Amino acid sequence: MLEIEWSDVLAMVESLQVPLIVLGVALVLALVVTIAARGRVPRTRKFVRSTTWIAMMLVAVVSVMSMLYGGLRNTLNLASGDGVLSDATVAHMNDLGASIAEEGMVLLKNEGGALPLEKGSAVNTFGWASTNPVYGGTGSGAMSENHDKVTLLEGLQEAGFQTNQALIDFYTTYRSDRPDIAIAIAKAEWTLPEPAAASYPQKLLTSVQSHSKTSIVTISRSGGEGFDLPWDMVGQIEEQPAYSYKENSTQYKDFEAGQGYLSLSRSERDMIDLAKKNSETVIVVYNGANVFELGDLEADPQIDAIVWAIPPGQVGFKALGKILDGEVNPSARTTDTFVADTTKTPTSKNFGSFMYTNLSQHDYTHPVRKTLQRASFVNYVEGIYVGYRWYETAAVEGAIDYDKEVVYPFGHGLSYTTFEQTMGDLERADGKVSVEVTVTNTGTVAGKDVVEIYHTPPYTNGGIEKSAVNLLAFDKTEKLEPGASETLTLSWDEGDMASYDDRRAKAWVLEAGRYVISLRSDSHTVIVGKDLDLARTITYDSADRTHNGDKVAATNHFDRARGEFTYLSRADHFANAAAATAAPTDFALPEEYVDSFYSQVNYDPKKFDKDSDTMPTTGAAGEIVLADLHGAAWEDPKWDQLLDRLTVEEMNELIANGGYQTTAVPSIGKVQNLDVDGPMALKNNFTGVGSIALPVEMAVAASFNVDIADQYGKAIVVMAKEMGVSGWYAPAMNLHRNPYSGRNFEYNSEDPVLSARIAATMVKAVQDEGVYAYIKHFALNEQENGRNFKLATWASEQSMRELYFVPFEESVKDGGATAVMSAFNYIGNTYAGAMPELLNTVLRDEWGFRGTVLTDYFGTYGYQMADQSIRGGNDLMLATVKTTNYVTDFSATSVIAMRTACHNILYTAANSWVYEKGTPDDPMLLWEWIAWIGAAVLTLVAVAPFVVALRRFRGRARTLAVDSGRKA
C-alpha cells in the first residue's frame, strides 16, 4: 500500500464541506447585516455590527471545532503520536538486523577459494553503487529516516578493510545521491549514474593498481511500490523523451536493444573490464532484490566471486564485510531462479498492463493528476509453471536446454566449508511423512547448512498439471564445527503432495503412484532420492476428508476468473509452450463479463438488496464494552449484545476510517488502535516516526531459517508496543511471478512453500503477543503496473490454490492471523476487495479465518466503494479522507453487512495487546487540549467586547431616556 496520497486532498476538503458551508454562510450574513445597518442610528448601527461580527467569530470557532472533531480528528490523532524507540531497543534491533543480514546474503560463486579475503587487507571499491547502495525499497517498504544507517563502505571499513579513497571521491563527486525513483518513473531515468569508462583518469587507475590487487565491484538495482521495472530499456526510451543526467547526457543509450533493467549496462560492463585490467582478483557484489542476469559474470574466469547482497536494511551492510573476510561463513540460499535472460521467462510476454478496448465506460480521470485510468488486464498463462517449476519441469520434458537458461537454481548457495548430507528412511503415520537428514561438516571452518526436501509426483500425459520438482520441507542446522554433525527431522502432510484438479474433480487430489522424495542441494542437484508409493488415489472432497485442515472441502469458486486463453501445459512435452506464452492479441473483455464489471460508474448497492432481510437491532442500551470480549471466541453470543449497542452512524464511522487505525467508538469503550506500515519497519506516515528497518523479507527467506523469521516477528512486537502500535501492515507474501515486479523486495520468493513457512512464522510471533498482522495483498497482486487502475487478473484455480494462496492459507491456519489486507487488483472481473468467493468462501469458510479484512489504500481510483466491499467480505476501508469509503445504502441488507464488518473489526481490536488489562485509558491528546483552550480563549475574546458593548448601549439608552424625560 501507499503512504498518504496528497492528491486526495480534494476529498479531504469535501469531507469538511458542512462546517465550511456554515462558516461561509456566517460571513455572508455578517456582511448583509452590516450593510443593512448602514442607515440606522449610529449607536444602533455600531451595536448591530459588533454583535454580528462577534456572532460570526463564534460560528467560526464552532466550525473549526467541527472540522477537528469531524473529518480531521482521526488524522490529527494519528499525527499526535511520538512512538520514539528507547536506546536499548534501538541497540537490540541493530544487532538483530546485522545478524539477519549475515544469514541473508548469498555466496553465488567462489572460484579457487577467492573468498574469504585476508582480514584487514586493502581493496578497491568499483561501482557508483558502492557509494549509494540499496537498503530496501520504496512505498510501504521504505526505511525511516529517523535512524542512522550503515553504508556499504562503512560495512567494509568496520570489518577492517582498507578502501581506496580516491575511487570513493571519484564516485561521490560524480553524483552524491541516488536518483529519486519518482523522477525515474516520470522521466525514464532508470540507468544508474555509472561513469563511462573514458571518464576514469589514468591517475585514478594508477592508484587502483598501487592500492590493492583486489577489487570489489558493486552493481545495484532498486525497486519499489507503485511501478514495475522496465524490461525493454531502449523501447522505453523511444516511447518517452529521455531525461539526461547533467553529468552524462548519453546515459539513456547505455543499453542494447532488447535489454532490460536487470541486465548490465554498457557503462557497467566497461567498468567491470577496468576492474579486471587493473586487478588480479575481482569480487562482484550484486545489491538488489530482483534476480539479475549474472550469466556472463558466472562464466567469466576473471570474475572470482559473486555475492548477492539482498537489501539489508538499516545496518545490515555490516554483514557484508564479515562475509568477505570470513568472520561469517555464508549460509543463505537463492529464493528465486537466476536465469540468463530475465526478459524470456514464461511470464514475460504476459506481464504488465494490457488495456481493454471495450470498457471505455469505466475510464476514470484522476481528479488531481488529471491522468486517464483505463481498465486493463493480465493473463497468468503459465499456470503452475512459475520459477523453478517451469525450468525443472521443462528440462525433464526436454523442452529447454537447462544449462543455457539457468545460471543459479532456486535454493543455491555456497559456503566456505563443505558438508555431507545423508537421508534416512521415509516414515509414514497418520497422514504425515517424515525423514531424518544427518548433516556433517566435512570442511575446515565452522558453518551452517540448509536441508532441502523436494518431491516429484507421478504425472500422466494430459492429466492434472504437475511440476516435476516441488519443495516440500526445509530446515537449517545450528553452527557446526569441523567434523560435527546434526540430525534434523523434516516432516510434511501427505496432502502437501496433492495437486488441485480444477478441470475434472474440482478438488484437491493425491493421485496413486510412485512419488520420489529427494534430498537436494538446490532445486536441480539431487543428493539422494527415495520412493514413496501410494496405493490409492485420495480426493479431498467431503466433510470428513478435507485438505490440510480445511473447515469445508475446497472446490472450484473461481471459474469466472479463468479467462478465455490457452494455459501452458506439460502435455506432449510442453508442445503448446510457444502459443501459450505469446503476448495477448485479444484486448476485449468477453461480453458475458462486461455488465458485471463494476466500478463507481455502474455499481448500485440497491440492486443487491434482499427483501427477505430484516433490519438488525441498533443503538440498544447496555453495559457491555469491548474489553469484556477480550479473549472471547468470534462466535461468543456476547458479541450480539455488544453489536446491538452500535448505531448505524457509529458503524459507518468505524468501517470508513480505517486508514492507519481503527477508530475510537466511545459508547462501547473502544479506543483508537494505531496501525502502521511495514514490512521492513513500523512507520507512522503522519509523524514520520519509524522504527529500525530490518533487512527486507527476501533476506529472511534467503536464510531458509524459520528461527530468524520468529526473531523478526518478535522484534516487530517489541517496537510496536514501544510505539503504541496495535496493527502491522505486513508481512507481504505475494510471489515473485516475474523478475521485473517492482515489489519483489517486499515479498519472499518465487516458491509458495518457502514463502509460507517464513510468513506464517512471522505472523505467529506477532499474533501471539497481541499485535495483529495484516497479511497482504490478498490475492494475485504480483505486479505493480496498473494495479489500482482496475487491473483484471486472470488465472487458473489450480495456480491460485497451489501457488498464490498458499502463504496466506498457512498464515491463517498456522500463524493465527486475525487481519488481512486485500489487493488493489480485480480477480477476473471482480475487485479483490469486494469478492465474496475470495474473502468469505475461501478465507473464512474454508480456512476458518476470523478477523478483519482491510482494503489497500483507499484512494481516488474510481472503483473502491464501501457499499460493495462490505457485501463482499471486506470490513475496513484504508482511508484517511472522506470519499466512497462511507456506506450510503442503509437497507436491511446493507446494515446486516455493516454489523458483520464491525463484528470482524472489533474482534481483531479486542484481541490486541491494548485490551489485555481491560479498557485502556483514552486521555485527551495534546492537540485536543490546545484546540479546546484556544476555542475558550476565542470565545472569551468574542464575548467580552459584546458584554462591554451591551452595557454601554444600555447605559446610553438610559441616558437618552432621562434626557428625553427632562425635555418632555
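Visitor: What does the accessible surface of the protein come to, and how much belongs to carbon and sulfur atoms?

Guide: Accessible areas here come from the Shrake-Rupley method with a 1.4 Å probe, and for residues only the protein chains shown count as cover. In this protein the surface comes to about 36,500 Å², with 53% belonging to carbon and sulfur atoms. Bear in mind that this is a predicted model, where local features need pLDDT of at least 70, side-chain atom pairs count only at pLDDT 80 or more, and totals for chains, interfaces and linings use all residues. Residues are numbered from 1 along each chain as its sequence is written, and side-chain values use heavy atoms, with hydrogens and water left out.

Visitor: What share of the residues counts as buried?

Guide: Buried means under 20% relative accessible area, exposed over 50%, and partly exposed in between (1.4 Å probe, protein chains only). Of the 968 residues here, 60% are buried.

Visitor: How many helices and strands are there?

Guide: Both are DSSP runs numbered from the N terminus: helices are H or I with at least four residues, strands E with at least two. This protein has 29 helices and 32 strands.

Visitor: How do the axes of α23 and α25 cross?

Guide: Axes are lines fitted to C-alpha atoms, for helices over the stretch in contact, and angles run from 0 to 180 degrees between N-to-C directions. Here α23 (residues 752–767) and α25 (residues 806–813) have axes that come within 8 Å and cross at roughly 30 degrees. That makes α23 roughly parallel to α25, a label for angles under 35 degrees.

Visitor: Which residues make the contact?

Guide: Contact means heavy atoms within 4.5 Å. From α23, the contact takes in P752, S755, A756, R757, A759, A760 and V763; α25 brings V806, P807, E810 and S811.

Visitor: Which peptide bonds are cis?

Guide: As a rule, most residues other than glycine have a negative phi, and most peptide bonds are trans. Among the cis cases, one joins G678 and P679, with omega about 10 degrees; P679 is found in the loop between β25 (673–677) and α21 (697–702). Another runs from F778 to A779, with omega near 5 degrees, and A779 is in the loop between β27 (772–778) and β28 (791–794).

Visitor: What is the phi of D430, and is D430 buried or exposed?

Guide: D430 is not a glycine, yet its phi is positive, about 55 degrees. D430 lies in the loop between β14 (427–429) and β15 (432–441), and is exposed, with a relative accessible area of 82%.

Technical notes:
Parallel < 35°, antiparallel > 145°, perpendicular 65-115°, else oblique.
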